[in-house]
Amino acid sequence: MEFSKLMLAACGCLLLARAAWAREPLWKLDLGSEIAGAPAAVAGRALVATKGGLLVALDEGGRIAWKQKFPGGFLSAPAVDRDGSVYVAGAAGTLLRFAADGRELWRTALGQELPATPLLGERSVFQVGGAGRVWRVRK
């Protein structure tokens with residue numbers, strides 16, 4: 001079943017998926033740390049970041065396709081670009097980009113807490129910091 005036909009819900013450290021017409025979840029996964037923001041779903045994958053520093057990509061069956069661990073954790077949801085790249089802001093002030101297969105492509109230190117989901121533009125990523133500062137980083 002594809003994600004466009006599933007409802008994803010995050011509750012604490014649990015991620016649940018269910019069909020719109022079903023009462024019971026099709027699957028659930030305990031990520032061991034509180035989920036930061038809403039899950040993102042694109043191209044047959046759900047992407048979830050946790051406050052404990054785990055970035056996880058799941059297939060439609062709830063199986064882990066790939067995962068990355070980042071010290072300091074995340075405070076917001078990941079953002080996914082048209083090419084499948086995943087952008088996520090680390091709580092400790094680092095903006096990261098991963099390929100659709102989970103390989104880290106780059107990271108850039110911005111120097112302060114990053115509580116917001118990255119905003120994706122055509123050629124740049126915009127990131128808001130905890131003090132209201134906005135950065136523009138080239139993709």
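**Reading strands and cores**

Author: Buried means under 20% relative accessible area, exposed means over 50%, and partly exposed lies in between (1.4 Å probe, protein chains only). This is a predicted model, in which local features need pLDDT of at least 70 and side-chain atom pairs count only at pLDDT 80 or more, while totals for chains, interfaces and linings use all residues. Residues are numbered from 1 along each chain as its sequence is written, and side-chain values use heavy atoms, with hydrogens and water left out.

Reader: In which strand does V42 lie?

Author: Strands (E, at least two residues) and helices (H or I, at least four) are DSSP runs, numbered from the N terminus. V42 belongs to strand β4, residues 40–42.

Reader: Which residues does V42 touch?

Author: Contact means heavy atoms within 4.5 Å. Leaving aside residues up to four places away in sequence, V42 touches L47 and V80. Distance in sequence and distance in space are separate matters: V42 and A79 are 37 residues apart in sequence, and their C-alpha atoms are 9.9 Å apart.

Reader: How should I read the pairing of strands, and in what sense do β4 and β5 pair?

Author: Strands of a sheet pair through backbone hydrogen bonds, either parallel or antiparallel. Two strands are taken to pair if DSSP finds at least two bridges between them. Here β4 and β5 are antiparallel, with 3 bridges, and V42 has R45 of β5 as its bridge partner. The two strands form a hairpin with 2 residues between them, and A43 in the turn has a positive phi of about 50°.

Reader: How many bridges join β5 to β6?

Author: There are 4 bridges, and the strands run antiparallel. V48 stands opposite V56 in β6, and A46 has L58 of β6 as its bridge partner. This hairpin has 4 residues between the strands, and G53 takes a positive phi near 100°.

Reader: Which strand pairs with β6 over 5 bridges?

Author: That strand is β7, residues 64–69, again in the antiparallel sense. Between β6 and β7 the hairpin has 5 residues, among them G62, with a positive phi near 85°.

Reader: Are the residues of β6 buried or exposed?

Author: In β6, 5 of its 5 residues are buried. L54, V56 and L58 point one way from the strand, whereas L55 and A57 point the other way. In β5, 4 of the 5 residues are buried, so this strand is largely enclosed by the rest of the structure.

Reader: What is a nonpolar core, and which residues of the largest one touch the most other members?

Author: In soluble globular proteins, nonpolar side chains tend to be buried together. A nonpolar core is a set of buried Ala, Val, Leu, Ile, Met, Phe, Trp, Tyr and Cys residues joined through side-chain atoms within 4.5 Å. The largest core here has 13 residues, of which L55, W66, F74, V88 and F98 touch the most other members. The elements giving two or more residues to this core are β5 (45–49), β6 (54–58), β9 (86–89) and β10 (94–98). A second, separate core of 12 residues includes W27, L31, A46 and L54.

Reader: What is the strand order of the open sheet of 3 strands?

Author: The order is β1-β2-β3, with antiparallel pairing. At the edges stand β1 (6–11) and β3 (27–30), each with a single partner strand, so one side of each is left without a neighbour in the sheet.
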